[in-house]
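Please have the sequence and the model open side by side.

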Amino acid sequence: MFGYCRSQLATTNKRPTGGSLAEIDGLQFARAGLEISGQLSADQLPRLAELGCRTAGLEFRLTGTKNSRGKLALRVHFNGGGEMSCQRCLGPVELDLSGDEELELAGSLQEIETANDDVDRVLASSSMDVAELVEDEAILLLPMVPRHDRCAGAGFLSAGEDVATVEVKKVSPFSVLASLKKGGKR
Ligand SMILES: [Zn+2]
């Protein structure tokens with residue numbers, strides 16, 4: 001159900017860098033085990049907005065590390081929320097934009113494109129935009145078609161009932177079924 005793939009992001013042209021937030025030398029940052037953390041405002045997440053996701057911002061922490069394969073890597077931890085419009089009822093679908101991903105630093109785009117394993121990679125460079133790195137990970141969580149499990153029809157929700165929200169990270173067909181069943185018993 002996830003619409004965006006990492007290799008696509010790796011090869012997509014990003015906006016021209018405004019230099020508004022830190023850039024890091026990826027390999028050096030990882031080798032030295034550095035860490036940078038902070039808060040990204042909505043202004044610093046323009047691609048999320050372009051994809052129709054409204055957010056108040058994201059907290060992040062970027063850490064340089066080595067992965068289990070002994071390769072230099074960046075760990076991207078981020079935390080926040082977003083909202084997209086439901087494609088059925090146009091109501092807001094709340095999204096959990098939180099994650100903790102480890103990205104192996106790749107020497108070339110070719111390495112990323114031809115890798116045949118489940119290691120997440122990002123192209124290493126001497127000027128990696130921190131905001132972009134975090135935004136990429138948030139974009140990967142966006143549903144291609146944002147939709148409520150069950151749209152809130154006007155007046156149908158009782159007070160105690162959850163306004164339908166979608167937990168992007170772990171929607172299983174079973175939970176969808178369960179909520180359908182619950183709805184049927186009313
Ligand atoms: Zn809806």
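What follows is a short walk through this predicted model.

Start with the strand pairing around β6, residues 99–106. On one side, β6 is joined to β4, residues 72–85, by six bridges, and these two strands run antiparallel.

The largest nonpolar core consists of 30 residues, and the ones with the most contacts inside it are L58, F60, L74, V76, L105, V134 and A138. The elements that supply two or more residues to this core are the helices α2 (26–31) and α5 (130–139) together with the strands β3 (54–66), β4, β5 (92–96) and β6.

Leaving aside residues up to four places away in sequence, F60 touches S37, G38, L40, V76, H77, F78 and V134. Two of these, V76 and V134, are also listed among the core residues with the most contacts.

Last, consider the loop between β4 and β5, where L90 lies. Is L90 buried or exposed? L90 counts as exposed because it has 9 C-beta neighbours inside 10 Å, and the cut-off for exposed is 12 or fewer. The backbone of L90 also deserves a look: its phi is near 70°, a positive value in a residue other than glycine. Most residues other than glycine have a negative phi.

Key
Residues are numbered from 1 along each chain as its sequence is written. This is a predicted model: local features need pLDDT of at least 70, side-chain atom pairs count only at pLDDT 80 or more; totals for chains, interfaces and linings use all residues. Two strands pair if DSSP finds at least two bridges between them. Helices (H or I, at least four residues) and strands (E, at least two) are DSSP runs, numbered from the N terminus. A nonpolar core is a set of buried Ala, Val, Leu, Ile, Met, Phe, Trp, Tyr and Cys residues joined through C-beta atoms within 7 Å. A residue is buried if 20 or more other C-beta atoms lie within 10 Å of its own, exposed if 12 or fewer, and partly exposed in between; C-beta atoms are placed from the backbone. Two residues are in contact if their C-beta atoms, placed from the backbone, lie within 7 Å.
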